[in-house]
Amino acid sequence: MKPPLPEFRPGTVTLVGAGPGDPELLTLKAVRAIGAATVLLVDDLVNDAVLEHANPNARIVHVGKRGGCKSTPQAFIDKLMLMAAREGEVVVRLKGGDPFVFGRGGEEIEHLQAEGIGVQVVNGITAGLAAVTALGVPLTHRDHAHGVVFITGHAKPGDAGTDWRALAATARDAKLTLVIYMGISGAAHIQQALLDGLHADTPLAIIQHATLAHQREAVTTLGDMLHTIEREGLGSPAVIVVGDVLRGVAAAHADLVRAA
Ligand code: SAH
């Protein structure tokens with residue numbers, strides 16, 4: 001085991017992106033941070049295989065929802081990080097994908113910094129990027145997509161949420177690929193609203209457990225999205241991708257579901 005590098009100092013917290021699932025998609029820096037940690041706080045979407053890089057003496061705490069249990073409340077996680085840092089531990093907070101993409105990394109950093117704790121972030125490959133690549137499709141294409149929108153289908157309670165109708169019109173006019181995280185439970189509403197601005201035959205893909213051995217995907221159309229999710233029993237964690245970059249794969253797959 002390499003000795004801890006100076007940047008992973010006792011008394012500090014490093015938020016580390018563990019990537020979408022495939023442990024080979026970890027960055028070298030993430031591997032070093034995991035190896036340097038004396039305490040690891042691990043989210044539920046993190047593949048346990050990445051813990052192979054941890055020091056055998058490190059304390060590993062799973063703070064996510066597994067097996068239907070309620071997830072550990074955020075306030076408690078914040079407190080655990082703070083306590084471990086104050087005890088002089090090298091704290092690594094492992095998060096699925098990238099810590100700053102729907103990972104509440106921003107909130108955790110603010111909390112730690114307010115308490116005077118040194119924090120740094122190691123990027124990870126976000127699920128939306130990896131999921132689209134897993135289909136062999138680019139997120140942008142000079143002919144079909146001039147940009148990408150990563151968007152959540154699950155707004156904070158009390159938040160008005162996304163104006164999907166406006167987004168659909170923008171995606172159409174500006175040629176944007178939409179990558180929707182946490183969109184399965186709100187799929188009916190999202191589909192209906194997107195249909196206001198996008199054609200029913202707009203290609204759409206749902207990718208569940210992207211980059212893992214049990215990845216499943218369905219390539220369909222916006223008009224058939226909900227039906228496809230229900231018929232194929234697709235569930236969380238999944239991303240929904242909408243846009244013309246999928247045209248090639250849509251033609252080839254024509255509503256086909258493959259179980260890896
Ligand atoms: N920070 C994470 C996202 C956390 S939000 C990242 O950058 O990837 C959790 C959502 O991410 C899930 O509901 C799902 O929409 C998506 N997600 C995470 N891992 C995934 C995977 N392996 N396959 C498909 N979607 C995934």
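Phenylalanine 150 is partly exposed, at a relative accessible area of 33%; partly exposed covers the range between buried, under 20%, and exposed, over 50% (1.4 Å probe, protein chains only). This is a predicted model, where local features need pLDDT of at least 70, side-chain atom pairs count only at pLDDT 80 or more, and totals for chains, interfaces and linings use all residues. Residues are numbered from 1 along each chain as its sequence is written, and side-chain values use heavy atoms, with hydrogens and water left out.

Rings of Phe, Tyr and Trp (its six-membered ring) pair if their centres lie within 6.5 Å; planes under 30 degrees apart are stacked, over 60 edge-to-face, the rest tilted. By this rule there are two aromatic pairs.

| Pair | Centre to centre | Angle between planes | Class |
|---|---|---|---|
| Phe102 and Tyr181 | 4.9 Å | 65° | edge-to-face |
| Phe150 and Tyr181 | 5.8 Å | 80° | edge-to-face |

Phenylalanine 150 sits in strand 6 (residues 147–152) and tyrosine 181 in strand 7, so their pair ties together parts 31 residues apart in sequence. Helices (H or I, at least four residues) and strands (E, at least two) are DSSP runs, numbered from the N terminus. The other pair links distant parts of the chain: phenylalanine 102 is in the loop between strand 4 (91–95) and helix 3 (105–114), 79 residues from tyrosine 181 in strand 7 (residues 176–181).

Tyrosine 181 is buried, at 8% relative accessibility. Phenylalanine 102 is partly exposed, at 35%. Phe102, Phe150 and Tyr181 form one aromatic cluster.
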